Amino acid sequence: MSHTAVLLEDCMPLADAEGAKKYSMSELLKSYGGLCYGQNGSHYEPRPVLPPQPNRCDWEIDPSELEFSNSIIIGKGSFGEILKACWRATPVAIKRILPNLSDDRLVIQDFRHEVNLLVKLRHPNIVQFLGAVTEKKPLMLITEYLRGGDLHQYLKEKGALNPSTVINFALDIARVNPLVNFVALAITRLKPGVLQNFST
Ligand SMILES: Nc1ncnc2c1ncn2[C@@H]1O[C@H](COP(=O)(O)OP(=O)(O)OP(=O)(O)O)[C@@H](O)[C@H]1O
């Protein structure tokens with residue numbers, strides 16, 4: 001078999017040519033040794049491609065992938081508890097809707113709203129949404145686990161913050177809007193005395 005034929009066979013363009021009904025190209029590839037799926041001597045087997053499932057989102061998480069054996073409760077919200085658990089061997093934060101609220105229409109609406117919002121957000125300063133369990137109960141929302149907790153927890157532990165820390169936190173929050181980066185850059189260019197006056 002010629003070098004060309006080996007390359008053609010390796011990358012299996014014949015299936016693509018046949019799929020696209022490019023008959024002359026198919027013939028040309030066959031004349032160079034290209035084999036059809038499943039054809040005698042072919043090392044490729046036909047692999048049926050499942051059609052996309054309607055209404056199934058690629059962020060839907062199968063609850064069997066969540067590992068709760070060493071989970072701990074790290075917080076409580078109005079409708080559920082927040083646990084530190086594992087998903088695919090990675091520590092994650094899971095907001096789990098309380099079983100007795102799982103059928104509450106308003107709770108479900110609120111939960112779906114939060115999921116729909118988080119799906120659209122991607123920014124280093126926003127907790128990363130990883131997926132959600134929406135097709136089975138209890139409903140769950142899975143995000144990256146923040147080792148330092150959230151700002152509320154931080155304030156509870158540290159008490160009043162000094163003004164420059166407050167400004168840095170405010171800038172981190174505001175940086176979610178790209179325009180604010182200009183302001184942030186301008187502030188870092190300020191002389192130290194100016195910032196002192198501004199923060200007191
Ligand atoms: N991703 C996370 N990583 C680490 N800790 C978290 C995370 N998410 C939440 N927590 C902890 O759980 C607490 C409650 O979380 P949060 O306020 O998000 O709950 P919630 O259900 O959204 O509350 P509510 O619905 O009342 O606004 C936080 O104060 C924080 O301590």
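Modeller: Start with one rule. A residue is buried if 20 or more other C-beta atoms lie within 10 Å of its own, exposed if 12 or fewer, and partly exposed in between, with C-beta atoms placed from the backbone.

Biologist: Is K95 buried or exposed?

Modeller: K95 is buried, because it has 20 C-beta neighbours inside 10 Å. This is a predicted model: local features need pLDDT of at least 70, side-chain atom pairs count only at pLDDT 80 or more, and totals for chains, interfaces and linings use all residues. Residues are numbered from 1 along each chain as its sequence is written.

Biologist: What share of the protein chain do buried residues make up?

Modeller: They make up 13% of its 200 residues.

Biologist: How many helices and strands does the protein chain have?

Modeller: Both are DSSP runs, numbered from the N terminus: helices are H or I with at least four residues, strands are E with at least two. The protein chain has eight helices and five strands. Along the sequence the pattern reads α-α-α-β-β-β-α-β-β-α-α-α-α.

Biologist: Where does K95 lie, and which UniProt annotation covers it?

Modeller: K95 lies in strand β3. An unreviewed UniProt entry annotates K95 as "binding site". UniProt positions are given in the numbering used here, feature names are shortened, and annotations may be inferred rather than shown by experiment.

Biologist: Which residues does K95 touch, not counting residues up to four places away in sequence?

Modeller: Two residues are in contact if their C-beta atoms, placed from the backbone, lie within 7 Å. With that sequence limit, K95 touches G77, G80, I82, M140 and L141. Across the protein chain, take the contacts with a separation of 6 or more: residues 24 or more positions apart account for 42% of them.

Biologist: How many residues surround the ligand?

Modeller: A residue is near a molecule if its C-beta atom, placed from the backbone, lies within 6 Å of it. Here 17 residues surround the ligand. The closest are G75, G77, S78, A93 and L146. At least two residues of the shell come from each of β1 (66-76), β2 (80-87), β3 (90-97) and α5 (151-158).

Biologist: How many residues of each class does the shell have?

Modeller: Ala, Val, Leu, Ile, Met, Phe, Trp, Tyr, Cys and Pro count as nonpolar, Asp, Glu, Lys and Arg as charged, and the others, Gly among them, as polar. The shell has seven nonpolar, eight polar and two charged residues.

Biologist: How do β1 and β2 run, and how many bridges join them?

Modeller: Two strands pair if DSSP finds at least two bridges between them. β1 and β2 run antiparallel and are joined by six bridges. A hairpin of three residues connects β1 to β2. G75 has I82 in β2 as its bridge partner.

Biologist: How many residues does the largest nonpolar core have?

Modeller: In soluble globular proteins, nonpolar side chains tend to be buried together. A nonpolar core is a set of buried Ala, Val, Leu, Ile, Met, Phe, Trp, Tyr and Cys residues joined through C-beta atoms within 7 Å. The largest one here has 15 residues. V92, I94, A132, M140 and I142 have the most contacts inside it. Two or more residues of this core come from each of β3, β4 (129-133) and β5 (140-144). β3 gives the largest share, four residues. Look at I94: leaving aside neighbours within four places in sequence, I94 is in contact with L66, I82, L83, A85, M140 and I142.

Biologist: Which loop holds R88 and A89?

Modeller: R88 lies in the loop between β2 and β3, and A89 lies in the loop between β2 and β3. R88 has a positive phi, near 50°, and is not a glycine. A89 is not a glycine either, and its phi is about 65°. R88 counts as exposed because it has 10 C-beta neighbours inside 10 Å. A89 is exposed, with 7 other C-beta atoms within 10 Å.

Biologist: Which peptide bond is cis?

Modeller: The bond from K137 to P138 is cis, with omega near 0°. P138 sits in the loop between β4 and β5. P63 is 75 residues from P138 in sequence, yet 9.2 Å away in space, C-alpha to C-alpha. P63 lies in the loop between α3 (23-31) and β1. P63 is partly exposed, with 15 other C-beta atoms within 10 Å. Not counting residues up to four places away in sequence, P63 touches V133 and K136.
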